[in-house]
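Biologist: I'd like to learn how to read a structure like this one. Could you walk me through it?

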Amino acid sequence: MRVLLVEDEERLAEAIASGLAAEGFAVDAVRSGADGLWRATEGQYAAVILDILLPDLNGYEVCAALRERDVWTPILMLTAKDGEYDVAEALDTGADDFLSKPFSYVVLVARLRALVRRGAAPRPAVLRVGDLELDPATRRCRRDGQDISLTPREFALLDALMRRRGEVVPKQRILDVVWGLDFPGDPNVVEVYVRYLRQKIDAPFGRRSLETVRGVGYRLREERRHG
């Protein structure tokens with residue numbers, strides 16, 4: 001399978017390309033954002049590995065431009081070490097996953113294979129659960145006709161739940177999707193963000209649509225207004 005690598009650090013790019021080739025991937029490598037945008041738009045790739053700091057267009061701009069053009073190839077963004085804001089912006093511009101530098105090559109390959117398995121199915125224009133709406137393209141959330149302001153992390157959490165509406169999503173699955181496979185922090189951060197979401201999408205509207213399934217995970221279901 002063919003992947004696109006957009007990385008301007010020559011030695012790092014060569015090491016990644018060589019290693020991926022040994023794992024059976026065919027790699028096209030470019031060193032600028034403009035070249036990466038053109039290749040990803042015109043070519044057929046199973047995934048894109050995209051660095052943030054690039055000549056001309058940066059990784060955020062490339063990612064956002066691809067999504068605006070309805071190119072939904074899975075994107076693995078390479079972010080700075082401990083770059084919390086890098087991660088937030090990567091998710092906000094449409095990246096599917098992220099990996100902080102310096103990274104383990106084993107983890108890079110595992111993340112890439114996971115993205116390829118997931119594939120690039122067309123994204124729904126708007127996700128809906130009852131009167132709750134989430135638009136991944138415009139990053140807009142609405143309920144009962146009212147706009148709801150979400151942080152990038154809250155948006156990613158709600159997106160993960162809405163894509164599996166009515167299903168119980170395990171806590172570990174949420175951690176992997178929203179915080180990343182190598183998240184080193186406290187897993188109780190999920191509970192914290194679930195509480196944040198409830199305060200925004202449920203409480204002001206008299207709803208209880210975001211449920212906790214004890215010992216398992218969380219479920220977002222359609223529910224009518226209470227009272």
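**Reading the sheet and the cores**

Modeller: Let's begin with a pair of strands: β4 (residues 75-79) and β5 run parallel and are joined by 4 bridges. Within that pairing, L78 sits opposite L99 of β5. Keep in mind that this is a predicted model.

Biologist: What is the strand order in the open sheet of 5 strands?

Modeller: In general, strands of a sheet pair through backbone hydrogen bonds, in either a parallel or an antiparallel way. Here the order is β2-β1-β3-β4-β5, and the pairing is parallel. From one strand to the next, the twist averages 20 degrees.

Biologist: Which strands does helix α1 lie across?

Modeller: Helix α1 (residues 10-22) lies across β1 (2-6), β2 and β3 (47-51), and runs at about 170 degrees to β1.

Biologist: Why is helix α3 described as largely enclosed?

Modeller: Count its buried residues, meaning those under 20% relative accessible area. In α3 (residues 59-68), 7 of the 10 residues are buried, so the rest of the structure largely encloses this helix. They are G59, Y60, V62, C63, A65, L66 and R67. Look at the ends too: where α3 starts, a side-chain oxygen of N58 comes to within 3.0 Å of the backbone nitrogen of Y60. After α3 comes D70, with a positive phi near 65 degrees.

Biologist: Now the cores. Which residues touch the most other members of the largest nonpolar core?

Modeller: The general idea is that nonpolar side chains tend to be buried together in soluble globular proteins. The largest core in this model has 31 residues, and L158, I174 and L220 touch the most other members. Elements that each supply at least two residues include α4 (84-92), α7 (171-179) and β12 (217-220). The largest share, 7 residues, comes from α6.

Biologist: And what does L220 touch?

Modeller: Leaving aside residues up to four places away in sequence, its contacts include V129, L132, L158, I201 and L210. There is also a second, separate core of 20 residues, with L4, V48, C63 and M77 among them.

Note on methods
Residues numbered from 1 in each chain as written. Predicted model: local features only at pLDDT ≥ 70, side-chain atom pairs only at ≥ 80, totals over all residues. Heavy atoms only, no water. Buried < 20%, exposed > 50% of the residue type's maximum accessible area, 1.4 Å probe, protein only. Polar contact = N/O pair within 3.5 Å; in protein donor to acceptor, adjacent residues only side chain to side chain. Core = buried A, V, L, I, M, F, W, Y, C linked by side-chain atoms within 4.5 Å. Contact = heavy atoms within 4.5 Å. Pairing = 2+ DSSP bridges. Axes fitted to C-alpha atoms, helices over the stretch in contact; angles between N-to-C directions.
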